[in-house]
Amino acid sequence: MAKQKSNVVTEILKGTSQVFFMENPVTGILFFVAMAYASYVSGVWATTIGAAIGVVVATLTARLLDCDEKSVASGLFGFNGVLVGAALPTFIAASPQLWVYVVVGAAASTVITAAFSATLTAKWGIPGSTGPFVLTGWLMVAGAYSFGGLHVTGDAPKLATDYVQGFAPLPQPLELVQIFFRNIGQVYLLGDEISGAIILAGIFIASIPAGIAAAAGSLIAMVVSIAMGADPAIVSQGLYGFSPVLTALAVGVIFLKTSPKVVVYALLATVTTVFVQGALDVIVAPAGIPSFTAPYVLTMYLFIAPKKLLAPHPHQPVAGHMIGHEHAEAPLSTKAT
Amino acid sequence: MAKQKSNVVTEILKGTSQVFFMENPVTGILFFVAMAYASYVSGVWATTIGAAIGVVVATLTARLLDCDEKSVASGLFGFNGVLVGAALPTFIAASPQLWVYVVVGAAASTVITAAFSATLTAKWGIPGSTGPFVLTGWLMVAGAYSFGGLHVTGDAPKLATDYVQGFAPLPQPLELVQIFFRNIGQVYLLGDEISGAIILAGIFIASIPAGIAAAAGSLIAMVVSIAMGADPAIVSQGLYGFSPVLTALAVGVIFLKTSPKVVVYALLATVTTVFVQGALDVIVAPAGIPSFTAPYVLTMYLFIAPKKLLAPHPHQPVAGHMIGHEHAEAPLSTKAT
Amino acid sequence: MAKQKSNVVTEILKGTSQVFFMENPVTGILFFVAMAYASYVSGVWATTIGAAIGVVVATLTARLLDCDEKSVASGLFGFNGVLVGAALPTFIAASPQLWVYVVVGAAASTVITAAFSATLTAKWGIPGSTGPFVLTGWLMVAGAYSFGGLHVTGDAPKLATDYVQGFAPLPQPLELVQIFFRNIGQVYLLGDEISGAIILAGIFIASIPAGIAAAAGSLIAMVVSIAMGADPAIVSQGLYGFSPVLTALAVGVIFLKTSPKVVVYALLATVTTVFVQGALDVIVAPAGIPSFTAPYVLTMYLFIAPKKLLAPHPHQPVAGHMIGHEHAEAPLSTKAT
């Protein structure tokens, strides 16, 4: 195989596109257009600038640490950095300390990506995906409460006591279309439906099945969250949809080969993600942090972990235990490596 | 070996009995009798119906996903489902959304069981046991706060500020007998002592050592929790005993071969479980979720994980690290696979 | 190799010194001197007595359980016990139940150390370090809220709503010197600067590079925490420094072979630990527990986990999944064992 030297700009754009599992520089450009459009509308440019710094720092850190050449070239060390860079200025007000935070956070996200790769992926066969972003983002936002130089602009820590009970009126058709696109835009923390549409276009450019899966994930999330009576204000911002969109893509198209059975499996995973979204919002609320893509990450890990021809896991003595070993047979040892 | 085709009804009853590590359809019937008796007394049938739906959906999902034939036949894909089905109606009021929740939760519990089996069990030699139930139950109950169609009937999220300080008078002898049986019944979320006695009878039918271990676990938990000054209202409901009962069974009889040394080890594990029960109640309180069997699961994982002839884990350079690899010797690489 | 029988007193002193990764009985004696000095100044001897009980119980438990001979002799089953024994009386008032708690906690810490060794270390190549102490300490302190016989003397569970915002005046030079030594003393939960100086002397006696790394970690933590605007009252007690001190030692000297690249890597790890300290303080606050050395443990695990020549972890189908297996190629299976 002839190896072609990878260009750092291409790597960075591919890293940007890998947030949706795509390895396509044009898709990466469209994703930056979507972020820039949202910044233009809101007047807040720190998120787009943060995203750019994040993907550059994360990719360069991967180069400096001699991370796996092929993975770096594919942008696989960039997508967690771009999300860290976009997320921190979304939840923390701009200050000199914020930019230190973005740079250190993006560099750390590369180390964490390498850590997930060497353990979860290499040993258990589970892709790390945006897990490193979730971990980095949680630590950085929670940490911001401790430092006077950082001001968290989102909600303060709270208990889940004021949650909605009872049903709200159904959204109107126009709003449903907005929610459909916001569900996709929120993967990049963008609540703007035009940005969501640009991102969906970027996905379709790279892969038609991926575009279909993303759209299906958004629809399923909308139906399930409304039917379960989720808070309309949250549904309306697209915050019940972005994790299911990623799950539909990951389980239905990217990490399993699409088949009728896989489609049903991905449907169960996508519906489960909506419930896990509701759960994690409640669970992380006392720490004052957003759930980020954790609902997707947790659900995807659980649905991708099972392997064919599972070792039976009977209720029998485990082998080779520290104590009692002279008696125990070895029912698990032949399967456990 | 001649394989005999397994009957789905038998699988379901075995799954019900596997909550206590037994593979015995008659025991499963007795467990359903215990649940039905408690429903008859309380007038609330949703829990027994939920348990039946849970074990059926979980077992059928395992069949549809082609999970390990032998494990499915032994009921090992059913016991997490029966617990999910019993637990959700215990903590969430009946509604159409609840039943959707029970079905999706039970199906997801099978995927999660397969995930634990492929990682924790196959790679680390630790049985998943009721870990998948705990994870599914936590996510579903926490999620219920987010959905208007679901109403959590248990306690709202709180901080552990109002915990008991100081001692209460000792329970009377009759109450001690009730607590002894409730400790066993609460494994199935049943606070009724008659149900507990029926369950204990079901265990003895399947295995006399298992019955003795369960009884010993209940006694130890009662003594330790009262001696430590735990809240008598909670002790009295059997809520300090069900996890230690499972630990005594799992560590003393099921996963290690019984010996004098294992009995001492199981005693330490059982006492530790009582302390972990107190801890997890406090730790999960802010999320508004019950600790379920997590005290057992966590303690059992930690006590079963150690292996004989442990690889030394000295404070020395680790091998093959991403950076600095040209210098590091390989003290761990020969032991770490 | 001629094996020389290890002396239990030596093992216990080595265990005490292993808190700072040293295997040196004289260092262990100095660490006990540092604890005793702090007890003398404060008049509270329960912490020093607890530490002695903890390391003895943990080491004897390891002997009884036939844990790896070489590791026990090196004190590697003692250092988590000494920390459990020092920590519990620091946060829980003395009572008969406290001493039961210290003994059971120290014994459990040995089992948990063996559990970490058999999984995290043997399978993933990550040293357990003080992870077992953190887990044991969290469970025991959280559990104390549930038991009337135990009274938590530290802060009650709270939400992170009253965190400092805005900057305080810089500490004076003399205070900076005190903070420098307290950062080291707090690894042993000692807020006294003389105790910190004795501990640093103990480290230098055992290893000059280790002493330099500890001092550098303390300086970096002081600069970063002040520059980020951390609460001066917390910085002043040395509570922002003890985890970074351990990270600087672990990543810069102990687990990676020192080189210019490793120094930069350890610098990033040390700065990250300061941020993680701020984060974990907020995250564990609702449970009413201290973060202990968790900021060090988490950061060190993440920075030590990555391995050279990482398996690529592309966004491709995973191999051997339970469903869809007949189609999927095996891009990960050749790398994942």
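Predicted model: local features only at pLDDT ≥ 70, side-chain atom pairs only at ≥ 80, totals over all residues.
Me: Is helix H1 of chain B largely enclosed or exposed?
Reply: In helix H1 (residues 8-17) of chain B, the buried residues are Glu11(B), Ile12(B), Leu13(B), Lys14(B), Gly15(B), Thr16(B) and Ser17(B). What covers them includes helix H2 (25-42), helix H3 (46-64), helix H4 (69-73) and helix H5 (79-91) of chain B. Because seven of the 10 residues of the helix are buried, H1(B) is largely enclosed by the rest of the structure.

Me: Which residue caps the N-terminal end of H1(B)?
Reply: The cap is made by a side-chain oxygen that lies 2.6 Å from the backbone nitrogen of Val9(B). The residue that supplies this oxygen, and so caps the N-terminal end of H1(B), is Asn7(B).

Me: Which three residues supply more of the area that domain 1 of chain A buries against domain 2 of chain A than any other three?
Reply: The domain assignment of chain A gives domain 1 as 1-154 and domain 2 as 158-306 + 321-337, and their contact takes 37 residues from domain 1 and 38 residues from domain 2. The area buried between these two domains of chain A is about 3,100 Å², with 81% of it given by carbon and sulfur atoms. On the side of domain 1 of chain A, 23% of the buried area is supplied by Phe20(A), Phe21(A) and Trp138(A).

Me: What is the relative accessible area of Asp66(C)?
Reply: Asp66(C), which is not a glycine, has a positive phi of about 55 degrees, and is found in the loop between helix H3 (46-64) and helix H4 (69-73) of chain C. This residue counts as partly exposed, and its relative accessible area is 41%.

Me: How many residues apart in sequence are the parts that Glu11(C) and Arg63(C) tie together?
Reply: The side chains of Glu11(C) and Arg63(C) meet in a salt bridge of 2.4 Å, N to O. Glu11(C) is buried at 1% relative accessibility, whereas Arg63(C) is partly exposed with a relative accessible area of 28%. Since Glu11(C) lies in helix H1 (residues 8-17) of chain C and Arg63(C) in helix H3 of chain C, the parts they tie together are 52 residues apart.

Me: Which residues of chain A do salt bridges that share partners join into one network?
Reply: Glu69(A) forms a salt bridge with Arg63(A), their closest N and O atoms being 3.4 Å apart. Glu69(A) is partly exposed at 34%, and Arg63(A) also counts as partly exposed, at 29% relative accessibility. The network is made up of Glu11(A), Arg63(A) and Glu69(A).

Methods
Residues numbered from 1 in each chain as written. Chains lettered and ligands numbered in written order. Heavy atoms only, no water. Buried < 20%, exposed > 50% of the residue type's maximum accessible area, 1.4 Å probe, protein only. Helix = DSSP H or I, 4+ residues; strand = E, 2+ residues; numbered from the N terminus. Contact = heavy atoms within 4.5 Å. Polar contact = N/O pair within 3.5 Å; in protein donor to acceptor, adjacent residues only side chain to side chain. Domains from an automatic or database assignment. Buried area = accessible area lost by both parts, 1.4 Å probe. Salt bridge = Lys/Arg side-chain N within 4 Å of Asp/Glu carboxyl O.
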